[in-house]
Amino acid sequence: MEGGVMDSPDTTHSRSEDDPALQGCFSPKKTPFRFLGLALMCLLGFGSYFCYDNPAALQDTFKTDLNMPTKKFVLLYSIYSWPNVILCFIGGFLLDSVFGIRWGTIIYMALTLVGQLIFAMGAYANTFWLMMVGRFVFGIGAESLAVAQNSYAVLWFKGKELNMVFGLQMSFARVGSTVNFLVMENIYAYVSKTLGYTGPQCIGAVLFLAALTCVGSMLCALFLGLMDSHAEKVLRRNEGQEPEIVRLTDVKDFKSVFWLVAWICVAYYIAIFPFISLGKVYFIRKYEFEPAVANTVNSLVYSISAIASPLFGLLVDKTGKNVLWVIISIIGSLFAHGLLAFTYVSPYVCMVILGLSYSMLASSLWPLIALVIPEHQLGTAYGIAQALQNLGLAVTSIVCGIIVDTHGYFMLEMFFLAWLWISLITAVVIWISDSNTTGGFLNMSPKQREHYEQNPCVPEITEREKLLAGGGGSTSDLSGDDLLQPQSDTRMRNRYLARIGAETPVHVKGTTYRALR
């Protein structure tokens, strides 16, 4: 399999450090090479994220120049998400089993670029169905491209740097979104006033200019593919190994905690992306901002994320505790949306809190998938997570448009708050489930995880230590007489198995003690 999603000592044939191939700045083990690769991985998503929110940055002009009501406007986001309910999962599977990471990235980036060009042509001709086709193709490419980005990150940086790399990728992506909100109004003004375009032709010309960012991302995909091919040859990645065969049926073996993480990807992001897509008009109506100011406020989530994501990623790398950070992030988002719904506190404050919370969640949630899924299945796993997320966004984008048109923005905020509560409950369930099954692996520090992987029976050992310490663990399941008896290794092991729901071996019989008098 080309590329693959592996880069650990056991998948790379060792070379002598004196090998000429490992010397100089073109050595895959040297810092300049690795960080140039990281920069290209980050820039892969710049174009797609810049173009994704083109409609949101021009929401008022879309409505006036194209005579587009809110119900029709939100379809531009819904059609982006609908195909990826299935195709994003398939895209991840094809990345693992057919295309390989290099060709897969190039193909998905090409689809993203073509989709944006079709979208621009549809706007120029004021043909809504052609705009929908463009967003459809754009969505297929952009979401599968995100899966490829995640796979590249794991391939090159799995280990202590992974959370930071996810944060940096998110940061650069959000720079694209932020720049979109900051410059699209100015580009529109330039095209209309200086170049003399009006109406649909003006919108189309602006969208064609936006497509140049996708051209830049395509160049990054090509150059990164060359670098990865060089690294694979020099490091002899996967040489002498039987390639892992990826099957669609493997999905049934994914751990339950993965599905809970994927559910948070759905529930939490419903309160982020649809809100931002409709946020410009919300800030204009509630706070009476000018369109340019409303765009600035609306983009604060992305602006904050661009700065905070890599910092939070580094923090998670150092501390671990991913599930704890996820819960803190969701609570922060609940607080921010609550302020927006029930108060007139400065929206700048609300959006900064939301941006910080969003950044922390992105840096701590997505790496959880790499902790619970085998490396050769990561493309499929990330594809499933993206697919489920797109299903949620596709449905709720339509629902959000209906809510705004019929009940207003206050009820829309109630809708978002409900989904955040659902995501918070799910995160707590993950914490409890993981604690019961692995002793809290997902919420361990990096050193604790390393120790756990070397000693997979840590929960049993921990239970034994608690019992031997006397009072350190729960003794609610012991009778008064039991508490007075010596706790043998066998007895403690059976007690542990009973507490986690495992079956006690039939040949082991409970020890009978004579009551003390």
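Let me start with helix 15, residues 300–319, and helix 17, residues 347–372. In this predicted model, their axes come within 7 Å and cross at roughly 40°. That angle makes helix 15 oblique to helix 17. The crossing of these two helices is right-handed.

Who makes the contact? On the helix 15 side, the residues include Leu-300, Ile-304, Ala-308, Phe-312 and Val-316. On the helix 17 side, they include Tyr-348, Met-351, Leu-354, Gly-355, Tyr-358 and Ser-363. By class, the residues of this contact divide into 14 nonpolar, seven polar and no charged.

Helix 17 has other partners, and I will take helix 13 next. Helix 13 covers residues 273–287, and it packs against helix 17 at an angle of about 170°, with the axes 13 Å apart. Angles over 145 degrees count as roughly antiparallel, and helix 13 and helix 17 are therefore roughly antiparallel to each other. Helix 13 brings Phe-273, Phe-275, Phe-283 and Tyr-287 to the contact, and helix 17 brings Pro-347, Met-351, Leu-354 and Tyr-358. This contact has eight nonpolar residues, no polar and no charged. Note that Met-351, Leu-354 and Tyr-358 are also listed in the contact with helix 15.

Now helix 18, residues 378–406. The axes of helix 17 and helix 18 come within 9 Å and cross at roughly 140°. Helix 17 is thus placed oblique to helix 18. Here too, the crossing is right-handed. From helix 17, the contact uses Trp-366, Pro-367, Ile-369 and Ala-370. From helix 18, the residues are Leu-378, Ala-381, Tyr-382, Ala-385, Gln-386 and Gln-389. Sorted by class, that gives eight nonpolar, two polar and no charged residues.

How many cavities of 30 Å³ or more does the structure hold? There are two.

Which helices supply the lining? Helix 2 (46–52), helix 6 (75–81), helix 8 (128–157), helix 9 (162–193), helix 17 and helix 18 each give at least two residues. The largest share, seven residues, comes from helix 8. The lining as a whole divides into 16 nonpolar, nine polar and two charged residues.

To close, back to helix 17: it contacts helix 15, helix 13 and helix 18, and it also supplies part of the lining of the largest cavity.

Key
Residues numbered from 1 in each chain as written. Predicted model: local features only at pLDDT ≥ 70, side-chain atom pairs only at ≥ 80, totals over all residues. Heavy atoms only, no water. Axes fitted to C-alpha atoms, helices over the stretch in contact; angles between N-to-C directions. Helix = DSSP H or I, 4+ residues; strand = E, 2+ residues; numbered from the N terminus. Parallel < 35°, antiparallel > 145°, perpendicular 65-115°, else oblique. Left-handed = near helix turned anticlockwise from the far one by under 90°. Contact = heavy atoms within 4.5 Å. Nonpolar A, V, L, I, M, F, W, Y, C, P; charged D, E, K, R; others polar. 1 Å grid on protein atoms, 1.4 Å probe; cavity = no way out; pocket = protein on both sides within 12 Å on 5 of 7 lines; lining within 4 Å. Points joined across faces, edges and corners; volume = space filled by probe spheres on them.
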